[in-house]
Each structure stands twice: as structure tokens, then as C-alpha cells.
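Q: Could you walk me through how to read a few features of a structure, one at a time? I would like the general idea and then the case at hand.

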Amino acid sequence: QQYSRLNSSSQTNSLKDLLQSKIDELERQVLSRVKTLEEGKGGPRNDTEERVKIETALTSLHQRISELEKGQKDNRPGDKFQLTFPLRTNYMYAKVKKSLPEMYAFTVCMWLKSSAAPGVGTPFSYAVPGQANELVLIEWGNNPMEILINDKVAKLPFVINDGKWHHICVTWTTRDGVWEAYQDGTQGGSGENLAPYHPIKPQGVLVLGQEQDTLGGGFDATQAFVGELAHFNIWDRKLTPGEVYNLATCSTKALSGNVIAWAESHIEIYGGATKWTFEACRQIN
């Protein structure tokens with residue numbers, strides 16, 4: 001039975017890879033077609049037919065992914081999943097059903113995998129009324145990854161767009177705006193004066209995969225996250241280096257976020273983003 005489960009899991013993964021490569025190919029066709037049109041070539045009738053063909057194929061692939069997903073979902077624990085954002089769009093995202101409380105400190109951690117260039121995009125953004133950039137993690141264009149708090153910016157030392165899974169954490173306290181950045185369990189940078197004495201405001205909208213320019217919307221495809229994301233957790237305190245290391249190494253002592261814990265029932269997906277089974281540290285690279 002164990003073998004058949006593993007076998008079925010590997011079949012599902014290879015099918016996922018096949019579907020993903022088809023989606024990538026279709027995206028290349030779409031981009032190539034757009035380029036041709038921009039150069040003023042090609043007849044309108046052919047263009048409409050091609051566009052309908054490509055959209056139909058994409059729709060059927062997304063339906064197939066959903067069917068595969070449903071089969072996987074029936075057999076997995078609530079936290080053993082990842083989100084996949086295969087294309088850079090302004091409509092593919094996930095939304096965390098819970099909002100954040102007022103926070104005077106936080107730690108945010110997640111697993112990320114991306115080979116997108118330039119910039120992996122926006123793994124998450126938290127907007128509140130009157131401030132779209134209340135708390136944002138973004139790597140845009142050729143800039144390094146940055147964390148924004150109340151629209152104030154700190155550059156982070158992460159290097160993650162190598163197509164491999166990485167565990168990242170950022171800690172922050174309002175006192176002196178002190179922050180720390182961890183990649184794969186090791187602290188790689190720190191600083192201060194990042195939005196000092198500004199509490200993170202409550203009652204906002206927390207989105208995975210897109211940067212919000214308005215509360216819950218205003219997405220820009222150039223800032224979208226492309227890749228895979230899992231185990232997004234938030235705490236209302238600064239985790240210790242040991243606690244971060246436990247998370248990055250999947251220790252049995254690893255904690256779940258006390259503000260946002262990674263659970264399938266907490267996440268809604270939109271626009272073709274998908275959920276797949278994921279076990280950190282077993283699936284790394």
C-alpha cells in the first residue's frame with residue numbers, strides 16, 4: 001500500500017510536470033502571437049481563431065489540474081500543500097481568509113521556489129484602508145528583494161530565484177524598527193529604522209502572489225509572483241534563531257504561526273493558481 005501511494009504520488013507529480021510544460025508552451029505561443037500582432041503582422045480572423053484555440057486549451061488544462069488536485073486533496077493533511085503560480089498575470093492569486101491584528105512585532109516565514117527573472121515578484125502583500133503597502137515582500141525588476149512596512153523599505157539579502165526550494169524568514173519589531181532576515185535557517189542580514197514605532201495595522205487584506213495597489217486589488221502583472229509557495233506562517237513576535245532553524249530543517253519542534261498558520265482551509269485561490277501536495281524537506285530540490 002505504501003508503494004502504491006508513493007507510485008501514485010510520483011505519477012501525479014510527473015503528470016503535473018507535463019501539464020506545466022504544456023502551459024509554459026501555450027504561454028510562449030501567446031507571447032509570440034502578441035509580438036507578431038504588435039509588429040503589425042497576421043490577419044484578424046486567424047488571430048481570433050488562434051486565441052480561442054489557446055484559451056480553450058488553457059481552460060482544459062486548468063480543469064485537468066483541478067481534477068488531479070481534488071484527488072490529492074482527499075488524502076492529505078491540512079498543512080501539507082503548496083500554492084503554484086505558473087504565469088505572470090494580474091489575476092492569479094491566493095487570499096488568506098483571516099486578517100492580521102495590530103502588531104508591534106512579527107515574524108513571517110515561508111518556503112519559496114522560483115526561477116523567474118527579472119525578479120520573483122511579490123510572494124505576499126498586506127494592505128489596510130489608506131495604506132496599500134502596510135506589509136509587503138517584493139522582488140521587482142532587477143532590484144533585490146525588499147520588505148515594505150507602511151511604505152518604508154529595507155533591502156533583503158535573499159538570493160532565491162535558482163529554481164530550488166528555499167526557506168525564508170523576516171523578523172521585525174516596532175522598537176527602533178529592528179529587522180532580521182534568514183535564508184535556509186541562517187541569518188543573512190539585519191538592520192534598524194524600518195518604520196520605527198509604527199504598529200502593523202489590523203483589518204487589512206492579506207494576498208499571496210500579488211502586490212496590492214488598492215485594498216484587495218489593483219494588481220500589476222509585472223509585480224506578480226511566479227513560482228511555488230508553501231508554509232506561509234506569521235507570528236506576533238520575533239522568533240529566535242533556534243526557532244527559525246527548526247522551521248528551515250522541518251524539526252519536530254517547528255512551530256506554527258500563532259497569527260496565521262498554514263492550513264488549506266485558510267486559503268482561497270483565484271485565477272488559475274493551484275494547490276498541490278507538498279512536504280517540506282522531503283521535496284526539497
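Q: Which residues of helix H3 are buried?
A: Buried means under 20% relative accessible area, exposed means over 50%, and partly exposed lies in between, with a 1.4 Å probe and protein chains only. Helices (H or I, at least four residues) and strands (E, at least two) are DSSP runs numbered from the N terminus. In H3, the residues that count as buried are Val 244, Asn 246, Leu 247 and Ala 248. Please keep in mind that this is a predicted model, where local features need pLDDT of at least 70, side-chain atom pairs count only at pLDDT 80 or more, and totals for chains, interfaces and linings use all residues. Residues are numbered from 1 along each chain as its sequence is written, and side-chain values use heavy atoms, with hydrogens and water left out.

Q: What do the buried residues of H3 pack against?
A: Contact means heavy atoms within 4.5 Å. By that rule, the buried residues of H3 pack against E3, E8, strand E9 (178-183) and strand E12 (227-235). After H3 comes Cys 250, which has a positive phi, near 55°.

Q: How do I read strand pairing, and in which sense do E3 and E8 pair?
A: Two strands pair if DSSP finds at least two bridges between them. E3 and E8 are antiparallel, over nine bridges, and E3 also pairs with E12 in the antiparallel sense, over six bridges. On the E12 side, Lys 113 stands opposite Glu 228; on the E8 side, Cys 109 has Cys 169 as its bridge partner. E3 is mostly covered, with eight of its nine residues buried.

Q: How many disulfides does a search of the whole structure find?
A: A disulfide is a pair of cysteine sulfur atoms within 2.5 Å. The search finds two. One joins Cys 109 and Cys 169, with the sulfur atoms 2.0 Å apart. That pair links distant parts of the chain, 60 residues apart, with Cys 109 in strand E3 (residues 105-113) and Cys 169 in strand E8 (residues 165-173). The link is right-handed, at 115° about the S-S bond, and both cysteines, Cys 109 and Cys 169, are buried.

Q: And what is the S to S distance between Cys 250 and Cys 281?
A: For this disulfide it is 2.0 Å. The link of Cys 250 and Cys 281 is right-handed too, with 85° about the S-S bond. Here Cys 250 sits in the loop between helix H3 (241-248) and strand E13 (267-270), while Cys 281 is in the segment after strand E14 (274-277), 31 residues away. In sequence order, the bonded cysteines pair 1-2, 3-4.

Q: Why does Cys 250 count as partly exposed?
A: Cys 250 does so because its relative accessibility is 30%. Cys 281 is also partly exposed, because its relative accessible area is 33%.

Q: How should I read a nonpolar core, and which residues touch the most other members of the largest one?
A: A nonpolar core is a set of buried Ala, Val, Leu, Ile, Met, Phe, Trp, Tyr and Cys residues joined through side-chain atoms within 4.5 Å. The largest has 53 residues, and Leu 100, Leu 208 and Phe 232 touch the most other members. Apart from this core lies another, of seven residues, among them Cys 109, Tyr 182, Leu 239 and Leu 247. Leaving out residues up to four places away in sequence, Phe 232 touches several residues, including Val 108, Cys 109, Leu 208 and Trp 262.
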